[in-house]
Amino acid sequence: MESKDYLKDISEIKDLMNKSSRFISLSGLSGILAGIYALIGAAIAYWLVMTYSNGILILDGQIYRLCMLTLCLVAFLSIVTGIFLTTRKAKKHGAKIWDATSKRLVLNFLIPLIVGGLYILIILSQGKYGQSGGLMLIFYGLALVNASKYSIGDIRYLGYIQIILGLIGAWRPGFGFWLWVIGFGFMHIIYGTWMHFKYDRK
Amino acid sequence: MSIITNINKLFDHRIRLGIMSVLMVNEYADFNMLKELLGATDGNLASHTKALEKGEYIKVEKQFIGRKPNTRYSTTKLGRAAFKKHIEALESIINKQK
């Protein structure tokens, strides 16, 4: 009888520690959709470059600007979808969307991401665009690993995969596009599906 | 018998154990955050934080954010050690009774 009480104590302690330090309402579905947006975006960019630019992407050209616009749209749609679905999930759990845990998560996720984004813009302005695909993956992976301490711990593994893909991309810049497709497209879909079945469908 | 003595009387309450759990994994927590997480009333929470403060397990800082008074809590070294000991005692009791 007594031991059952102590067990309850322990599980309550664990629950409170998690609830007060991690934001766990991330939606797996938003990962799947982000992956689909990335694949559509990549297909549009591929089509643009193949049809209008003979397979060569020239910096500061019209096609290049269209590709960048596509990239921004993919990022924007992914963020909006992520916020929308996560808010919905948090509401369902009766959790607050903007509290100490989610603030901390966003901050720690954004630091590597913004540093990476600025770095990529700087080297693009210097004409070194071969590395941008790999760098995007590396910094995104670092952001995920950093954020995993404040959210579902599993996103750490997605981060590791993105970092590895990014390093391969830095080593073999020619594959940058396809690694980007694997990392931002397929990995998000696989990962989102896994998260969805592990956490959401309960 | 030694196990029984390690069970800390000060932690022998849901709210107090809860306060310590939250503070163990956070640098600090304010009154409202604790209230929300633990689902306690103002008076209830205040009396329990006072008890923990008296035992020197937690530190209390009062400050103003803008014009609003804000009370922040954090663990002391003594509190963290006592909490760890308490958890270990709980574990060994559970393991023994299995």
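How many helices and strands are there in chain A? There are 7 helices and 0 strands, with helices (H or I, at least four residues) and strands (E, at least two) taken as DSSP runs numbered from the N terminus. Keep in mind that this is a predicted model, where local features need pLDDT of at least 70 and side-chain atom pairs count only at pLDDT 80 or more, while totals for chains, interfaces and linings use all residues. Residues are numbered from 1 along each chain as its sequence is written, and chains are lettered from A and ligands numbered from 1 in the order in which they are written.

View 1. Reading along the sequence gives α-α-α-α-α-α-α. The C-alpha atoms of chain A fill a box of roughly 75 × 25 × 25 Å along the principal axes. An unreviewed UniProt entry puts "transmembrane region" at several stretches of chain A, including 63–85 and 105–124; such annotations may be inferred rather than shown by experiment, and their positions follow the numbering used here, with feature names shortened. Residues 63–85 of chain A are 100% helix, with end C-alpha atoms 33 Å apart. Residues 105–124 of chain A are also 100% helix, and there the ends sit 29 Å apart.

**View 2. The largest nonpolar core.** A nonpolar core here is a set of buried Ala, Val, Leu, Ile, Met, Phe, Trp, Tyr and Cys residues joined through C-beta atoms within 7 Å; buried means that 20 or more other C-beta atoms lie within 10 Å of a residue's own, with C-beta atoms placed from the backbone. This core has 33 residues, and Leu137(A), Phe139(A), Ala143(A), Ala147(A) and Trp180(A) touch the most other members.

**View 3. Strands in chain B.** Strand β2 (residues 58–65) of chain B runs antiparallel to β3(B), joined by 8 bridges; strands pair if DSSP finds at least two bridges between them. Lys59(B) has Ser74(B) as its bridge partner in β3(B). The two strands β2(B) and β3(B) make a hairpin with 2 residues between them, and Gly66(B) in the turn has a positive phi of about 65 degrees. Strand β1 (residues 29–30) of chain B also pairs with β3 (residues 68–75) of chain B, antiparallel over 2 bridges, with Ala29(B) opposite Tyr73(B).

Conventions: A residue is buried if 20 or more other C-beta atoms lie within 10 Å of its own, exposed if 12 or fewer, and partly exposed in between; C-beta atoms are placed from the backbone.
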